[in-house]
Amino acid sequence: MKRPAQGRAKGIRARYGGSLWHLLLVLCSFALTCYAGFQLLQGNPLGVAIWFVGAALLHDLVFLPLYTVTDRVLQTLFRKRRGETAARPSRPVTGRLNYLRVPAFVALLLLLVWYPLILSRVPSFTGYTTLPADVFWGRWLLITAALFALSAVCLLVTLWRARSRRPPVRDARPEKPG
């Protein structure tokens, strides 16, 4: 016999398309976003609105075309390196390319968020952190190197697991009719 809670959960899943936990997490994230938005807009709502519109325009008009073209160039280079043509690609390039995309995205996002400190554009920040201003560049480079190293390890593990799952290749000599 079905319990009523299971029936409701299946009804929510059928209408929503996800689990009840997913719906709860989405609602909590919306609540947190609304709270942060109200806190942010209390200070200077016009300045915040101008900043958001400017950030959206900068992303859509500058960054999106830039990283789309960069991605297409990388895909073309990887295809040419593997000896493929665009007319007959053997496998999608995007799978292995993601091992470059993810660390590059995180490193560039860190640079974008912390560029005033990384590029020493904030002269008085040393008083707040008690750190010298020249440590941020080196630390960002170390974090970037660690991200790419971790991604390389993940790629090697993926390739190793894929290789160990393959069945051994048998000698496919045709038998002589006899």
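Is Ser-120 buried, partly exposed or exposed? At 46% relative accessibility, Ser-120 counts as partly exposed, where buried means under 20% relative accessible area, exposed means over 50%, and partly exposed lies in between (1.4 Å probe, protein chains only). Ser-120 sits in the loop between α4 and α5 (126-129). Its phi is near 55 degrees, a positive value in a residue other than glycine.

Before we go on, a word about the model. It is a predicted one, in which local features need pLDDT of at least 70 and side-chain atom pairs count only at pLDDT 80 or more, while totals for chains, interfaces and linings use all residues. Residues are numbered from 1 along each chain as its sequence is written, and side-chain values use heavy atoms, with hydrogens and water left out.

**The overall fold**

The protein has 6 helices and 0 strands, where helices (H or I, at least four residues) and strands (E, at least two) are DSSP runs numbered from the N terminus. Along the sequence, this gives the pattern α-α-α-α-α-α. Of the 178 residues, 10% count as buried.

How many salt bridges does the structure hold? There is 1 salt bridge, a term that stands for a side-chain nitrogen of Lys or Arg within 4 Å of a carboxyl oxygen of Asp or Glu. The partners are Asp-71 and Arg-101, whose closest N and O atoms are 2.7 Å apart. Asp-71 lies in helix α3 and Arg-101 in helix α4 (residues 94-118), so the pair ties together parts that are 30 residues apart in sequence. Side chains of opposite charge can pair when their charged atoms come close. Asp-71 is buried, with a relative accessible area of 17%, whereas Arg-101 is partly exposed at 28%.

Helix α4 also holds Arg-96. The C-alpha atoms of Arg-96 and Phe-78 are separated by 9.6 Å, and these residues are 18 apart along the chain.

The largest pocket holds about 950 Å³ of space. Here a pocket is an open set of points on a 1 Å grid over the protein atoms alone, with protein on both sides within 12 Å along at least five of seven lines, and lining residues have an atom within 4 Å of a point. Of the 22 lining residues, the closest to the centre are Phe-63, Tyr-67, Phe-105, Leu-108 and Leu-109. The elements that give two or more residues to this lining are α3 and α4, and the largest share, 13 residues, comes from α3.

Leu-58 belongs to helix α3 (residues 45-81).

**Partly exposed residues**

The structure holds 0 disulfides, a disulfide being a pair of cysteine sulfur atoms within 2.5 Å. The table includes two cysteines, along with Leu-58 and Arg-96.

| Residue | Relative accessible area |
|---|---|
| Cys-28 | 46%, partly exposed |
| Cys-154 | 37%, partly exposed |
| Leu-58 | 41%, partly exposed |
| Arg-96 | 40%, partly exposed |

Terms used
On a 1 Å grid over the protein atoms alone, a cavity is a set of points where a 1.4 Å probe fits but cannot get out, and a pocket is an open set with protein on both sides within 12 Å along at least five of seven lines; lining residues have an atom within 4 Å of a point. Grid points are joined across faces, edges and corners, and a volume is the space filled by probe spheres set on the points.
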